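Please keep the sequence and the structure in view while reading.

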Amino acid sequence: MNHTPRIRTVVSCTLLVVTLAAGATACGSPDGHPLSTKPYDAGDQISFNFNGPSDNEKADPDKPLEVTVKGDDGRITDVSAVDTGGRHLAGELSADGRRWRSTAPLAAGTGYTVRVSTENGDGAPGVRTLSFDTSSPKKLLKVAFGPEAGTYGVGQPITAELSAPITDKASRATVERALKVRSTPATTGSWYWVDDKKLHYRPKEYWPANATIEVRSNLAGIKVTNALYGAEAKPLKLSTGDRIEAVTDASDHSMTVLRNGEVINTMPVTTGKPGFSTRNGVKVVLAKEQYVRMRGESIGIAAGSSESYDLPVYWATRVTWSGEYVHAAPWSAGSHGSANVSHGCTGMSTSNAEWFFDTVRKGDIVKVVGSAGEDMDPFGNGFGDWNLSWEKWQQGSALHQGAPDSPQTLQAARLRPHV
């Protein structure tokens with residue numbers, strides 16, 4: 001508490017005692033000043049633009065909240081409106097103090113406490129507190145965060161799935177402002193609209209190693225479009241492990257694995273042969289399957305053709321939804337470290353594939369360089385988010401200039417394994 005005003009009052013009283021006894025009497029009697037009296041009940045002095053809880057009326061969230069002074073006596077000095085979630089409602093007081101009006105939409109389906117401070121013509125303070133509820137929305141926008149709670153690699157993006165499409169930039173900005181991501185240690189990040197109903201969040205760089213990430217939504221009750229309001233959303237808490245990066249050089253036929261920047265293993269590998277070249281770029285571990293059956297038909301190779309195959313594959317670490325894996329390939333052992341002979345996957349010895357399987361987790365980074373293949377798609381075939389520069393990533397946000405007004409058209413990839 002700031003004691004400065006009280007100290008000044010005491011000093012003033014002391015001076016009056018020396019010069020005028022009557023002044024000491026007035027200063028020593030706090031009841032003589034209007035501002036020192038207990039605030040009166042201003043219920044008869046002000047009115048709201050709805051009847052309130054006494055009439056079981058709920059405020060319409062599509063209309064602003066208004067507080068006005070009755071009659072000609074007095075004025076409003078301050079208004080504080082807070083909902084049950086602790087969010088303050090912005091508002092504007094007229095120059096003459098006769099009317100206060102909210103300048104932000106009321107949240108739907110929630111409660112508010114409004115405290116109005118006034119003063120009468122003599123300067124005496126008044127106060128009126130009112131609690132009320134807003135009506136529930138007919139249509140709710142639900143948000144589901146991903147992935148599931150757990151520990152992931154530093155390349156794992158956060159996802160937000162919406163229950164309804166959001167197309168215009170203003171409504172997208174409303175959604176983004178309400179979706180909060182906090183990491184410890186702190187890092188800079190941004191949302192990207194993958195399409196009308198899906199957002200991805202990633203930092204400028206990879207997540208810090210051994211970090212804690214908390215994701216939550218403040219969208220509950222917030223107006224998103226004319227007919228759509230935000231719903232409650234389950235928060236998400238993740239953590240990251242060590243920074244594991246696997247870098248495959250297709251031209252050198254080798255994979256180097258690093259933990260927190262230090263090399264922990266280098267292994268001979270084979271990648272995609274001409275016509276089936278492995279995709280270049282950064283991928284993220286999606287899943288681990290100790291055994292998977294791989295068949296050429298799943299990627300469009302005719303059964304019985306020279307390229308056809310049907311193989312039991314072990315220690316398979318998936319990096320794309322279309323079927324690119326890092327896996328054991330004992331049938332091509334003679335080409336490991338010397339030639340690229342697979343149909344797009346990264347093959348290695350069984351022992352090396354098992355070591356890799358045991359070392360990595362979902363969200364770890366698998367990068368391919370030196371291949372004649374296409375670049376990894378940022379979306380639609382796994383998590384290729386890191387293949388966009390930070391500048392391009394920010395352009396996918398409605399809160400940054402140049403954000404797209406319409407969604408990207410993505411073609412979902414089929415689940416098809418390579419070897």
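Ser-371 lies in the loop between strand E28 (365-369) and helix H5 (390-395), where helices (H or I, at least four residues) and strands (E, at least two) are DSSP runs numbered from the N terminus. This is a predicted model, in which local features need pLDDT of at least 70 and side-chain atom pairs count only at pLDDT 80 or more, while totals for chains, interfaces and linings use all residues. Residues are numbered from 1 along each chain as its sequence is written, and side-chain values use heavy atoms, with hydrogens and water left out.

**Ser-371**
- Ser-371 counts as buried because its relative accessibility is 15%, buried meaning under 20% relative accessible area, exposed over 50% and partly exposed in between (1.4 Å probe, protein chains only).
- Leaving aside neighbours within four places in sequence, Ser-371 is in contact (heavy atoms within 4.5 Å) with Ala-250, Ser-277, Thr-278 and Asn-280.

**Strand E19**
- Strand E11 (residues 150-152) runs parallel to E19 and is joined to it by three bridges, Gly-150 having Leu-238 as its bridge partner.
- Strand E16 (residues 212-217) runs antiparallel to E19, with four bridges, and Val-215 is partnered there with Leu-236.

**Nonpolar cores**
- Leu-141 and Phe-145 touch the most other members of the largest nonpolar core, which has 35 residues; such a core is a set of buried Ala, Val, Leu, Ile, Met, Phe, Trp, Tyr and Cys residues joined through side-chain atoms within 4.5 Å.
- Among the elements that give two or more residues to this core are helix H3 (169-178), E16 and E19.

Terms used
Pairing = 2+ DSSP bridges.
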